[in-house]
Amino acid sequence: MSLHSTTARNEAAPGSQTSLRVANQRRVIETMRTLGTTTQATIARETALAPSTVSSIVHEMVTAGVLAMDSSHGGRRGQLVRFSDDAGFVVGLDVGHRHLTVAVADLNQNIKARERFDLPRGHSVTEVLDTADSTLVSMVRKLKLSRAKLLAAGLTLPAPVDLEGRVVSAGAILPAWADTDVRAAASIRLGLPVTVENDANAGAVGEFAQGRGRGVQNMAYIKVSHGVGAGLILNGRLFRGATGSAGELGHMTLDEQGAVCRCGNRGCLETFISSEAVLGLLGTTRGPDFTVADLVDAALAGDVGCARVIGDTGRTLGTTVANLCNIINPELVVVGGELARANDLLLGPLREIVSRYGVQGCTRDLTISAAELGPEAHLTGALIMALENISLPL
């Protein structure tokens, strides 16, 4: 049965038994989209539906060919429930300043094919989408799939994205993407419904669903890379703000007399701890080809100077994280991006400053950790967001 089927035939008067049934079905499917393969008992707990109701809905979905069950997994309600192998596939596109990752996954978020490409500085929407489309043609052929089995795509960008999927205020970040309706362009080029999101938001979604954020309701994911951004999960949901640009942590002012930031202001956090700024602290002693990965490797191997640079970066970030915690009081702060691989060399000083400047009631039970998914967090979030764009037969 096609997952592109509409649910219009099931619409019923509000409050009727049919509308309640459809609403419950949607709750089950939404839980499956977030958790992937899980048990009926977990679905019942997450949806607050009666186990008997979940069992009935799952049975209907199995009959419809949308879900499948692993009958060998202990007990009726302990059986693993997953999307059917024939239900379809989603596409994840993680676009960075200098890279593109393309992945095809089943609806259980198992990646079936993946490829990463280097991109030129100043890349354009057209060349990225052309590369993505040609890659999908190759992947579909290798996986022996019909292109019609690709149902939706999620695309992440290292730039602010509004609620309509348009890149905003990105002239200095992705100049060739600024003011582009990426959702429309990608949907036309790929022939799929596309969800477009800022990469920090996608990282937050990925870590919340499958990484460090499992089991928490309020968390911040902070990406430290070419830029600095935050994805916020509040009360179990991604918080985008009024226009979709919440979490621009990198543009909090630390020194109004400081260096001019690419956003046009002075002394933004990003001017102190972006990849370019961090590498600049090493002057010319390491050579022009020295990268953040090299910096982390050297620090972990005992290089005192490199470790000092990473520690200072953690301290500088700490003041802003403390202020963020004082405002939103999260249970968890997850740090992602290239520097996060340094782990406690970065996080130790960061925790110290947050403890010093954070209000005790806001930070007493706070956990600060590196991203569990590492560089996969953004791609995982893209795939989860693609699942949100699929119409399921109910």
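Leaving aside residues up to four places away in sequence, Cys362 touches Cys325, Asn326, Asn329 and Pro330 in this predicted model. Cys362 itself is found in helix H12, which covers residues 360-363, and the C-alpha atom of Cys362 is separated by 9.9 Å from that of Asn323, a residue 39 places apart from Cys362 along the chain. With a relative accessible area of 16%, Cys362 counts as buried, because the limit for that class is under 20%.

From this site the reader may turn to the second largest pocket, which holds about 880 Å³ of space. The lining of this pocket is made up of 24 residues, and those that lie nearest its centre are Glu30, Thr34, Phe208, Gly236 and Arg237. Two or more lining residues come from each of helix H1 (17-35), helix H2 (40-47), helix H6 (199-210), strand E11 (237-239) and helix H13 (376-387); of these, H1 gives the most, with 6 residues. Sorted by class, the lining of the second largest pocket has 9 nonpolar, 7 polar and 8 charged residues.

Aromatic rings are the last topic. A pair of such rings is described by the distance of the centres and the angle of the planes, but a search of the whole structure finds 0 aromatic pairs.

Note on methods. Residues are numbered from 1 along each chain as its sequence is written. This is a predicted model: local features need pLDDT of at least 70, side-chain atom pairs count only at pLDDT 80 or more; totals for chains, interfaces and linings use all residues. Side-chain values use heavy atoms; hydrogens and water are left out. On a 1 Å grid over the protein atoms alone, a cavity is a set of points where a 1.4 Å probe fits but cannot get out, and a pocket is an open set with protein on both sides within 12 Å along at least five of seven lines; lining residues have an atom within 4 Å of a point. Grid points are joined across faces, edges and corners, and a volume is the space filled by probe spheres set on the points. Helices (H or I, at least four residues) and strands (E, at least two) are DSSP runs, numbered from the N terminus. Ala, Val, Leu, Ile, Met, Phe, Trp, Tyr, Cys and Pro count as nonpolar, Asp, Glu, Lys and Arg as charged, and the others, Gly among them, as polar. Rings of Phe, Tyr and Trp (its six-membered ring) pair if their centres lie within 6.5 Å; planes under 30 degrees apart count as stacked, over 60 as edge-to-face and the rest as tilted. Buried means under 20% relative accessible area, exposed over 50%, partly exposed in between (1.4 Å probe, protein chains only). Contact means heavy atoms within 4.5 Å.
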